[in-house]
There are 2 protein chains.
Amino acid sequence: MRKTILTGDRPSGRLHLGHYVGSLESRVKLQDNFEQFVMIADVQALTDNFETPEKITESVYEVAKDYLAVGIDPEKTTIFIQSQIPEIAELTLYFLNLVTIGRLERNPTVKAEIQQKGYENSLPAGFFCYPVNQAADISIFQAELVPVGDDQIPMIEQTNEIVRKFNRIYKTSCLRECQAYLSHAPRLVGIDGKSKASKSLNNALYLSDTPAEIKQKVFQMFTDPDHLRVSDPGKIEGNAVFAYLDAFHPDKEEVASLKAHYQRGGLGDVTIKNILNTTLQNLLLPMRERREKYNYNDIKNMLYAGTHKARKVAINTIEQVRSAIGINYFT
Amino acid sequence: MRKTILTGDRPSGRLHLGHYVGSLESRVKLQDNFEQFVMIADVQALTDNFETPEKITESVYEVAKDYLAVGIDPEKTTIFIQSQIPEIAELTLYFLNLVTIGRLERNPTVKAEIQQKGYENSLPAGFFCYPVNQAADISIFQAELVPVGDDQIPMIEQTNEIVRKFNRIYKTSCLRECQAYLSHAPRLVGIDGKSKASKSLNNALYLSDTPAEIKQKVFQMFTDPDHLRVSDPGKIEGNAVFAYLDAFHPDKEEVASLKAHYQRGGLGDVTIKNILNTTLQNLLLPMRERREKYNYNDIKNMLYAGTHKARKVAINTIEQVRSAIGINYFT
């Protein structure tokens, strides 16, 4: 039997090339070998966007369209919306009993996020508890593998602690421990060459950008400010164009030779930007074509079917959870 | 239209005379004038009994039987089991976004309970968050009145804060603020005359006790340790027999005259205990008769029907909640 893998995104905007290289690309491959569930995590996204719900709800369809565009195939992958599986909320509540406030406070991922969001003085309880909600996501789908970056490993550990405690206290084996499926993709920088590509910094190339937008952003990219004349030697480090060529150019030898040429001088920024533009247009063209095949109703039907399928799995698990706790009074 | 009132109990054992005088008795009256929902709060009871779920789950039917025994009429009152309304869990999750950890820490009721339970160093997140779950209970049934003692007023305030915040942020009026329906019933002491009657102190008279058990407990009751001979003057203060006579004897003048007699001397403990025994046997006899009319299946069917009815109300509210947040993608 194929192993189950659960992954997903917080829908807080369209997806960009950073998402593609970090995870979307690998999902397209994983769907051939795993039972893959991809969750659009609107409930989780609301924990830090509860005052602007439209930002989240309007992104759900955008994200779904991006999935289809990159080649995630709803025949192979179950794409679903978190909020439409209320069994996750139910399991979250039972999981909250198994975690102490002290343990949640020690979660390094959440600790860092609290600081980053300036939540120290008014930390919403929903945000503070979201790792427990995440543990419920993973457990309810019996996920064996969860693709994460290094920084997310504490979440996997916390999930497994809860699962072990649940199975021990309620004398069951109905929940399954999971493993981190480590992604070693480097974080893609923004077009400014510094920070991580992100919507809020307005420095990302979106999968749904038009050819003209892509070209414009490529030509705005940060290169080497000291590389004034074509004949000057140029720097590769911190040069966004080469970071993107590394991530997306199909021919690694060609990129190595371009780098050497740029470093010794004689290769202009316009030339490398043109090469990158061609590379990205080639990458995005089939995505754009796929995207155009789907209208609003297709997306809605696809999400409905995926959510229906996911919910069946969730219901099966929650029924076992209820009977393990002993609250299956009417069955 | 009749106002909606929501009340209930944590099912952690059979109900006793303290529950009767504090709330059950008034529910029998309230059901004639209000749309009354009575919740068996197993999810809430699990927040501090999650390691011994059988204690809770086995009490659910006992509590339901006690309700029927005292005269709560399932034709007039909707009796239901909290865990069987998963919409409450869903609403709880959205409410958690609207409360800060700091606000939860300041809840005086929970503060006192944390200390009492010795949870300072290992506070389960579920217990810490239970006021939010309670707010969801109240809101999902659109309760206008919630019977509480003075010590529970902070819970009502917290609920209304959350409701106001929800309605404001999501630009809706789908949730309703509630009012405390204050109970002025004194806390009934245990047969030791000191502490509150409770299961853990083994000092309570249960509604389901046999006549022999009632008599035995009445004769064990703490009276006045200095009242050695019948002719001695006796003390009323701290005398459990008189506390129970005050609470349950139908004739207040008779009780006043017994008190005066006891205080001036000449009234023996055996005499007052016999009077109390007769009083309690008279009170409990019709309850016992009612109880015997119901078998296991009757209780199960009654709970099923009540839960089904309550769930319809909850589903109606959660649908409004979902559309206020904007997560009604498929409707």
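## Domains of chain A

In this predicted model, six residues of domain 1 of chain A are in contact with four residues of domain 2 of chain A. On the domain 1 side of this contact, helix α3 (residues 53–70) of chain A gives the largest share, three residues. By class, the domain 1 side has five nonpolar residues, one polar residue and no charged residue.

The domain assignment of chain A places residues 4–188 and 295–325 in domain 1, and residues 211–290 in domain 2. Between the C-alpha centres of the two domains of chain A the distance is 35 Å.

## Strand β1 of chain B

Strand β1 of chain B covers residues 4–9, and six of its six residues are buried, so the strand is largely enclosed by the rest of the structure. In a regular strand, side chains alternate between the two faces of the sheet. In β1(B), Thr4(B), Leu6(B) and Gly8(B) point one way, while Ile5(B), Thr7(B) and Asp9(B) point the other way. The residues pointing either way are all buried.

The partner of β1(B) is strand β2 (residues 35–40) of chain B; the two run parallel and are joined by six bridges. Within this pairing, Glu35(B) of β2(B) stands opposite Thr4(B). To get from β1(B) to β2(B), the chain passes through helix α1 (residues 17–30) of chain B, and this β-α-β crossover is right-handed.

## How the two chains are related

## The contact between the chains

Chain B and chain A each bring 43 residues to the contact. On the chain B side, the elements that give two or more residues are α2 (42–46), α3 (53–70), α4 (86–96), α5 (101–105), α7 (125–128) and α14 (296–325) of chain B. The largest share, six residues, comes from α4(B).

Which classes of residue make up the side of chain B that touches chain A? This side has 28 nonpolar, eleven polar and four charged residues.

Conventions: Residues numbered from 1 in each chain as written. Chains lettered and ligands numbered in written order. Predicted model: local features only at pLDDT ≥ 70, side-chain atom pairs only at ≥ 80, totals over all residues. Buried ≥ 20, exposed ≤ 12 C-beta atoms within 10 Å, placed from the backbone. Helix = DSSP H or I, 4+ residues; strand = E, 2+ residues; numbered from the N terminus. Pairing = 2+ DSSP bridges. Right-handed = clockwise from strand over helix to strand, strands pointing away. Domains from an automatic or database assignment. Contact = placed C-beta atoms within 7 Å. Nonpolar A, V, L, I, M, F, W, Y, C, P; charged D, E, K, R; others polar.
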